[in-house]
Amino acid sequence: MNMMRKKIFFVFLAFVFVAFAACSDGGTKDNGEEIGIGGTLEGNNIAPVDEESMKEVVQNFPAPVEMAALLDEVGAPFSNQMLFPTENADDYNTSFKQAIALGIYSADLGYMNIYSKTSSIIQYLTVIKRLADDLRVGQYFDFQTLKSLAVSNENLDTLMFLSVTSFNEMDDHLRQHNRSHLSALVITGVWLEGLYLAAKVYEDVPHIRIAERIGDQKLLLEDILDILRKYDQDKNFAGTVKDLEYVYEVYKDVHITIIPGKPTMVEQNGTFVIKQNERSEVTINDQQIVNITERVNEIRNKLISL
Amino acid sequence: MKRVLIIIAVALLFVGFSAQNANAQCKRTLVYTCATNNGRAIFLRDFNAKLKKSRPEDPAYVAKFSVVLNKGTLYRFNICDPKGFEYTTMLTLFDARNKYGKTYYSGDEASTLGLGDLVKRNYRPEQYKIESNGGVVMDHFDFVCEKSGVYFVSIQYREGYTDNKGCAVGIMSFVGKNK
């Protein structure tokens, strides 16, 4: 009987443990940050440690397709010439180069997807797979599915969903294994290529929306520099920081002003649409864009010739 | 005694399975369904919120996420709840200066904003529902971003449902011309 009681006790303990686990968060991953809605909105318990700020920057980083979509919307034609060449991909033999290249090729992939240019997609996916494998994060990408989705040119949502979740899983893995610096390099590559594409398009299609988006990159560049500086004891990182500071020198004279306004709501075809009315105005001139283009070009060429 | 043991063991298995299943649903099935049933919008990011229970006297538990939005982009924000919990949560978009939109307006708020008139003019039961007190619940709203920068998305149980715990998924997408 005693033995039976003991058994019941252990089973009960296990039950309590599982029930407790079920009630808990199951880890803080992707769980956001809690706030009391009765309190103020600003600065609610946001005291990120380095890893948290890193995660925030990475997860907040706009998807490469957003820049590509803008180029498409303003009527800029697709240009194969602007893509980062895949021929040199085998030469990227350090994790530093591989991570930046992975970001650059991902941005190009977003550009091709938005323009539905499937002809080169396999080539780029193959390179991305090789780089991800070299970085030991290839297991997070289901390349067969990605390939078939990309080539079929349908189900863009599924393709985007798989890309984003794969990227987040890769980022989680890198952070959990003390390799956050590689995530930082991947987003640097994504950012650099997005800016390069916008700047090159602006040479032929000088649309105000592209100029503003180039100017807006000042905010993201500041975030990227903050993150990269954490690793600048490494000479490669120090070099990249120096390169990006060279770009930032031009941005110092780019100004972003906020014009206050109150939001309004309208109903369009059954959807509530909120118009912000508060807006930002970016002050950037053509010469500044030329200077940014030249400097980004220089950095990118340096990477190609690594 | 054996019977008691068996019942406890079965209960144990059931709780373990349900817990894992609930987490998995929020992680994959629900996110995927919500992300890919979005009309003309192209998926950009999910906000997977695990929501805790709150006591009636406490403010609702809120999951908060930051996100960078780009000027000149039309974003769509959706909220999806697990089956059986539809319309129990709400998503709010705000920044340091303004609250922009949310997926639930109480009767008073709806009345102040004139939402009732908007809804009556073009009622689409598949996209929003009107409660008996005049409150309006919708599964998404669109946001015309005119200022690049950091914004916040919060997800919480609506008033009256805060004694639940579970998960909800917010989806951010953009309404592009390609789709």
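Colleague: Which residues of α7(A) are buried?
Modeller: This is a predicted model. Helix α7 of chain A covers residues 156-176. Its buried residues are A:Leu156, A:Asp157, A:Leu159, A:Met160, A:Phe161, A:Ser163, A:Phe167, A:Met170, A:Asp171 and A:Leu174.

Colleague: What distance does α7(A) reach from its first C-alpha to its last?
Modeller: The helix has 21 residues. At 1.5 Å a residue, 30 Å is expected, and the computed reach is close to that. From first C-alpha to last, α7(A) spans 30 Å.

Colleague: Is α6(A) roughly parallel or roughly antiparallel to α7(A)?
Modeller: Helix α6 of chain A holds residues 143-152, and its axis lies 9 Å from that of α7(A). The two pack at an angle of about 150°. Angles over 145 degrees count as roughly antiparallel. Therefore α6(A) against α7(A) is roughly antiparallel.

Colleague: Which residues of α7(A) does α6(A) meet, and is the crossing left-handed or right-handed?
Modeller: From α6(A) come A:Thr145, A:Leu146, A:Leu149 and A:Ala150. Their counterparts in α7(A) are A:Thr158, A:Leu159 and A:Leu162. As α6(A) passes α7(A), the crossing is left-handed.

Colleague: How many residues of α3(A) are buried?
Modeller: Helix α3 of chain A runs over residues 64-73 and is mostly covered. Among its buried residues are A:Pro64, A:Met67, A:Leu70 and A:Asp72.

Colleague: Which element of chain B do the buried residues of α3(A) pack against?
Modeller: Within chain A, these residues pack against α4 (95-114), α8 (180-204) and α9 (208-229).

Colleague: What is the phi of A:Gly75, which follows α3(A)?
Modeller: A:Gly75 comes after the helix. Its phi is positive. The value is near 90°.

Colleague: How many helices and strands does chain B have?
Modeller: From the N terminus, the elements run α-β-β-β-β-β-β-α-α-β-β-β-β-β. Buried residues make up 46% of the chain's 179 residues. The tally for chain B is three helices and eleven strands.

Colleague: What share of the chain B contacts with a separation of 6 or more joins residues 24 or more positions apart?
Modeller: A contact needs C-beta atoms within 7 Å. Count those in chain B with a separation of 6 or more. Residues 24 or more positions apart account for 76%.

Colleague: Is β4(B) mostly covered, or mostly exposed?
Modeller: The strand takes in residues 89-94 of chain B. Five of its six residues are buried. So by the cut-off of 20 or more other C-beta atoms within 10 Å, β4(B) is mostly covered.

Colleague: Which strand joins β4(B) over six bridges?
Modeller: The two strands run antiparallel. B:Met90 stands opposite B:Gln156. The partner, residues 149-157, is β10(B).

Colleague: How many residues lie between β4(B) and β5(B) in their hairpin?
Modeller: β5(B) covers residues 99-102 and pairs with β4(B) in the antiparallel sense over three bridges. B:Leu93 stands opposite B:Gly101. Between the two strands of the hairpin lie four residues.

Notes:
Residues are numbered from 1 along each chain as its sequence is written. Chains are lettered from A and ligands numbered from 1 in the order in which they are written. This is a predicted model: local features need pLDDT of at least 70, side-chain atom pairs count only at pLDDT 80 or more; totals for chains, interfaces and linings use all residues. A residue is buried if 20 or more other C-beta atoms lie within 10 Å of its own, exposed if 12 or fewer, and partly exposed in between; C-beta atoms are placed from the backbone. Two residues are in contact if their C-beta atoms, placed from the backbone, lie within 7 Å. Two strands pair if DSSP finds at least two bridges between them. The expected span of a helix is 1.5 Å times one less than its number of residues. Axes are lines fitted to C-alpha atoms, for helices over the stretch in contact, and angles run from 0 to 180 degrees between N-to-C directions. Angles under 35 degrees count as roughly parallel, over 145 as roughly antiparallel, 65 to 115 as roughly perpendicular and the rest as oblique. A crossing is left-handed if the near helix is turned anticlockwise from the far one by less than a right angle, and right-handed if clockwise.
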